[in-house]
Amino acid sequence: MTKKFYELTPDERLALLTIDDDVRAALSEQQSTVNAQLVENYISDFRVPIGVVRDLLINRQHYQVPMATEEPSVIAAANNGAKMLSAGIDVQIGRTAMIGQMMFVTEKSLADFVQAHRLEILDIARQARPSIYQRGGGLLDVVVRQVSENETSVDFIIDTQDAMGANIVDTILEAELPLFESFHPLGVILSNYATQQLVTATADIAFERVGGEHVARQIVALNHFAQSDPYRATTENKGLFNGASAVVLATGNDWRAVEASGHAYASRNGQYQALTTWSIKNNQLHGELTMPISVGTVGGAISVLPAAQNGLAILGHVNADELRMVIVSVGLAQNLAALKAIVSGGIQQGHMRMQYRALAMQVGAEVDEVKRLVPRLMAEKHVATELATKILMEIRNESKS
Ligand code: NDP
């Protein structure tokens, strides 16, 4: 009997794809047995560069932070931001928990039912996942939330300790379902809107650290713009996630979850706004960033992926709350660097250098040639592939003569 596609080995799958042999060989070379177990129809790995923020001072502790990103300039900007924040970032975090939803379309009130069965609900959760209680977590609270006239969410607030907790939450929710059977639940699933995992980073920065009072006031004005204009806010938050998501990815966490939650939180006032606020306080630049961060340091892919283990090792084997603190701090540093670059008119230049490095490699420049080609491209007014190729040929001819 012929095997189904998903039953084949990675190389057998590659053999069935319509691709050139050299592409097939390259993909085959990049396979890993661990990753083959993680996703379906696996054929190969997709490698992303990892860089590092050399020193980030959070709550008086120094961290070296791994960042996984394909985007040029992001890691340089994060380091630049960390330098501007070298007096230190203060991060505050409460007890974090995941929210699991049981959803109903019903006219009946669930509040009395939940109130009457509270002890039973807590007991079911404990029996469904005793190990999370042994670790100090478990179901903390059950909240009935009226979503509309006939739509109700029963929210289960669950402390999942150092795990991101999606599976833990879903296990508990499924165990609770039979108790609510007479209300005909629509279904159960965790919510990625992690409002029980809010983390706040604040920093006060002397004007000279950002290039003077004028620059500081420009940063405040630009940030204020992003509180009023969703077009600017989207870009400002994207810049923040350039840093935050790179740490999330480097530690094997789910960046889609963190970003979805962050963007939802950015809309909490009814309009999409910048997550960070910058102001002038006590004659200093004051930054504040609060965002929901749902991550773990164990479980899921994190415990399996060697790359995630390496990322956590760079950080110094932190727990989940420390990782949250690092992520929010990188977000603040990244945001500050971007705003400063924009008001100083410098973003394009730094960015272009990295883009030109990518272009140089694209047209076939070797490492030594990249170093010579990039400055010559920087001196040009209009750069395109054709021009980069032409200058590369000139460099090669110069080397010959
Ligand atoms: P796991 O199901 O792997 O559970 C955590 C594991 O870590 C358990 O085996 C637990 O052991 C172990 N563990 C060890 N130390 C600790 C500790 N200090 N704190 C907590 N647990 C510890 O992972 P999650 O529940 O975190 O689920 C994450 C996965 O779910 C991810 O892969 C995610 O992509 C996926 N997912 C995401 C969804 C979403 O975002 N919407 C939906 C569904 C799944 P023990 O059992 O002994 O306690």
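Q: Which residue forms a salt bridge with Arg217?
A: In this predicted model, Arg217 pairs with Glu213, and their closest N and O atoms are 2.9 Å apart.

Q: How many residues apart are they in helix H9?
A: Arg217 and Glu213 are four residues apart in helix H9, which covers residues 213-228, so about one helical turn separates them.

Q: Where does Gly138 sit, and is it buried or exposed?
A: Gly138 belongs to strand S5, residues 138-148. With 0% relative accessibility, Gly138 is buried.

Q: Back to salt bridges. How many does the structure hold?
A: There are 14 salt bridges in the structure.

Q: Which residue does Arg24 meet?
A: The side chain of Arg24 meets that of Asp21, with an N to O distance of 3.3 Å. Both are in helix H2, residues 21-29, and they are three residues apart, so the separation is about one helical turn. Asp21 is exposed, its relative accessible area being 60%.

Q: And Asp254, what is its partner?
A: Asp254 forms a salt bridge with Arg256, at 3.3 Å from N to O. Asp254 is partly exposed, with 26% relative accessible area, and Arg256 is partly exposed too, with 47%.

Q: Which residues are joined into one network by shared partners?
A: The network consists of Arg372, Arg376, Lys390, Glu394 and Glu398, joined by salt bridges that share partners.

Q: Changing topic: how much space lies in the largest pocket?
A: The largest pocket holds about 1300 Å³ of space.

Q: How many residues line it, and which lie nearest the centre?
A: The lining has 42 residues, and Leu38, Gly252, Ala301, Ile302 and Leu305 are nearest the centre of the pocket.

Q: Which helices supply at least two residues each?
A: The helices that do so are H3, H7 (130-134), H8 (166-176), H10 (230-250), H11 (255-266) and H12 (306-315).

Q: Which residues form the nonpolar patch on the surface?
A: The patch is formed by Val34, Leu38, Val39 and Val304, which together have about 270 Å² of accessible area. Leu38 is also one of the residues nearest the centre of the largest pocket. Val34 lies in helix H3, residues 33-36, and is partly exposed at 30% relative accessibility.

Q: Now the backbone. What is phi for Arg60?
A: Arg60 is not a glycine, yet its phi is positive, at about 65 degrees. Arg60 lies in the loop between strand S1 (50-58) and strand S2 (61-68). This residue is exposed, with 79% relative accessibility.

Q: And what about phi of Asn282?
A: Asn282, likewise a residue other than glycine, has a positive phi near 50 degrees. Asn282 is located in the loop between strand S9 (276-281) and strand S10 (284-292). At 72% relative accessibility, Asn282 is exposed.

Q: Finally, the overall picture: how many helices and strands are there?
A: The protein has 16 helices and 10 strands. Its C-alpha atoms fill a box of roughly 90 × 75 × 40 Å along the principal axes.

Q: What share of the residues is buried?
A: Of the 401 residues in the protein, 44% are buried.

Methods. Residues are numbered from 1 along each chain as its sequence is written. This is a predicted model: local features need pLDDT of at least 70, side-chain atom pairs count only at pLDDT 80 or more; totals for chains, interfaces and linings use all residues. Side-chain values use heavy atoms; hydrogens and water are left out. Patches are made of residues with over 30% relative accessible area and no salt bridge: like charges are joined within 9 Å, nonpolar side chains (Val, Leu, Ile, Met, Phe, Trp, Tyr) within 5 Å. Accessible areas come from the Shrake-Rupley method with a 1.4 Å probe; for residues, only the protein chains shown count as cover. A salt bridge is a side-chain nitrogen of Lys or Arg within 4 Å of a carboxyl oxygen of Asp or Glu. Buried means under 20% relative accessible area, exposed over 50%, partly exposed in between (1.4 Å probe, protein chains only). On a 1 Å grid over the protein atoms alone, a cavity is a set of points where a 1.4 Å probe fits but cannot get out, and a pocket is an open set with protein on both sides within 12 Å along at least five of seven lines; lining residues have an atom within 4 Å of a point. Grid points are joined across faces, edges and corners, and a volume is the space filled by probe spheres set on the points.
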